[in-house]
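Please read the following briefing alongside the coordinates and the sequence.

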Amino acid sequence: MLACCTPDVNAIRERKESDVYVNVYDITSLNYVIGPVGLGAHHSGVEVYDTEYCFGRALDDSGVYYMTPRSCAEHAFRESVYVGTTSLSRREVNGVIRQLRERCTGRSYHLVRYNCNDFAEELCKILLGDRWAVAFPAWVNRACRSAQWMLPSAMVEKIDQFDYQQFLKRHHGDDDYDDAKAQ
């Protein structure tokens with residue numbers, strides 16, 4: 001009699017749909033000042049099947065990584081935006097992530113041209129197809145898109161080089177920074 005009330009673990013594990021959220025983080029506290037005019041510096045990741053997938057700089061690996069949803073230690077969580085429901089199974093999502101890990105290397109990250117927000121939007125497009133509940137929130141990446149449109153290409157590259165140098169200092173210390181700079 002109790003068997004009818006016992007959940008089928010395999011059925012739960014292989015569910016065929018999952019809600020998809022864009023988890024948005026503030027990179028700087030200045031977002032509270034410039035946010036009301038539609039700008040800001042944001043990080044975002046995509047939450048599906050209780051896992052958040054993100055993209056960022058890395059020297060020796062893919063830039064695609066995963067974590068517990070809404071737990072990015074480097075940035076302040078702002079909000080989750082529900083964007084739709086994927087019909088892909090967990091296994092299919094894992095296949096998509098494997099493909100993106102091969103293409104989205106940590107060295108391919110560019111602060112303005114292809115950043116965490118561009119990755120999140122691309123992943124949402126793959127996961128949702130035409131099943132969007134709402135569009136990807138444009139304000140998340142507006143500052144970078146505006147910079148790419150308004151600034152000369154040389155300035156965009158200088159912005160990315162500065163971000164890369166800051167990344168090396170934060171994650172690899174001064175000694176590694178000098179070695180990587182020489183390469």
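A residue is called buried when its relative accessible area is under 20%, exposed when that area is over 50%, and partly exposed in between, with a 1.4 Å probe and protein chains only. The model is a predicted one, in which local features need pLDDT of at least 70 and side-chain atom pairs count only at pLDDT 80 or more, while totals for chains, interfaces and linings use all residues. Residues are numbered from 1 along each chain as its sequence is written, and side-chain values use heavy atoms, with hydrogens and water left out. Helices (H or I, at least four residues) and strands (E, at least two) are DSSP runs, numbered from the N terminus.

**Salt bridges**

- Counting a salt bridge as a side-chain nitrogen of Lys or Arg within 4 Å of a carboxyl oxygen of Asp or Glu, the structure holds 11 of them.
- Glu-17 and Arg-131 form one of these through their side chains, with an N to O distance of 3.1 Å. This pair links distant parts of the chain, since Glu-17 is in the loop between α1 (9–13) and β1 and Arg-131 is in the loop between α4 and α5 (142–150), 114 residues apart.
- Glu-17 counts as partly exposed because its relative accessibility is 42%, and Arg-131 is likewise partly exposed, with a relative accessible area of 33%.
- The side chains of Asp-26 and Arg-78 meet in a salt bridge of 2.8 Å, N to O. Here too distant parts of the chain are linked, with Asp-26 in strand β1 and Arg-78 in strand β5, 52 residues apart.
- Asp-26 is buried, with a relative accessible area of 4%, whereas Arg-78 is partly exposed at 28%.
- Arg-57 and Asp-160 form a salt bridge in which the closest N and O atoms are 2.5 Å apart. The partners belong to distant parts of the chain, Arg-57 in the loop between β3 and β4 and Asp-160 in helix α6 (residues 153–182), 103 residues apart.
- Arg-57 counts as buried at 14% relative accessibility, and Asp-160 is buried with a relative accessible area of 9%.
- A network of salt bridges links Asp-118, Glu-121, Lys-125 and Arg-145.

**Glu-52, a buried charge**

- Glu-52, which is found in strand β3 (residues 51–55), is buried yet has no salt bridge, and the nearest side chain of opposite charge, that of Arg-70, is 6.0 Å away. In this assignment Lys and Arg count as positive and Asp and Glu as negative, while His and the chain ends are not counted.
- With contact meaning heavy atoms within 4.5 Å, and not counting residues up to four places away in sequence, Glu-52 touches residues including Asn-23, Gly-45, Tyr-65, Thr-68 and Arg-70.

**Strand pairing around β1**

- Strand β1 (residues 18–26) is mostly covered, seven of its nine residues being buried.
- Two strands pair if DSSP finds at least two bridges between them; β1 is joined to strand β5 (residues 76–86) by nine bridges, and these strands run antiparallel.
- β1 also pairs with strand β2 (residues 42–48) in the antiparallel sense, over six bridges.
- Asn-23 has a bridge partner in each of these neighbours, namely Ser-80 in β5 and Gly-45 in β2.

- Helix α3 (residues 90–103) has 14 residues and reaches 20 Å from its first C-alpha to its last, close to the 20 Å expected at 1.5 Å a residue, where the expected span is 1.5 Å times one less than the number of residues.
- Val-93, Gly-95, Val-96, Ile-97 and Leu-100 are buried in α3, and the buried residues of this helix pack against β2, β3, β4 (64–67) and α4 (116–128).
- Tyr-114 is placed in the loop between α3 and α4, and its C-alpha is 9.3 Å from that of Cys-144, although the two are 30 residues apart in sequence.
- The side chains of Tyr-114 and Glu-122 make a polar contact of 2.4 Å, a term for a pair of N or O atoms within 3.5 Å in which, within protein, one must be able to donate a hydrogen and the other to accept it, and residues adjacent in sequence count only if both atoms are side-chain atoms.

- Tyr-49 lies in the loop between β2 and β3 and has a phi near 50°, a positive value in a residue other than glycine; Tyr-49 is buried, with a relative accessible area of 3%.
- Asp-50, in the loop between β2 and β3, has a positive phi near 60°, and Asp-50 is exposed, with a relative accessible area of 56%.
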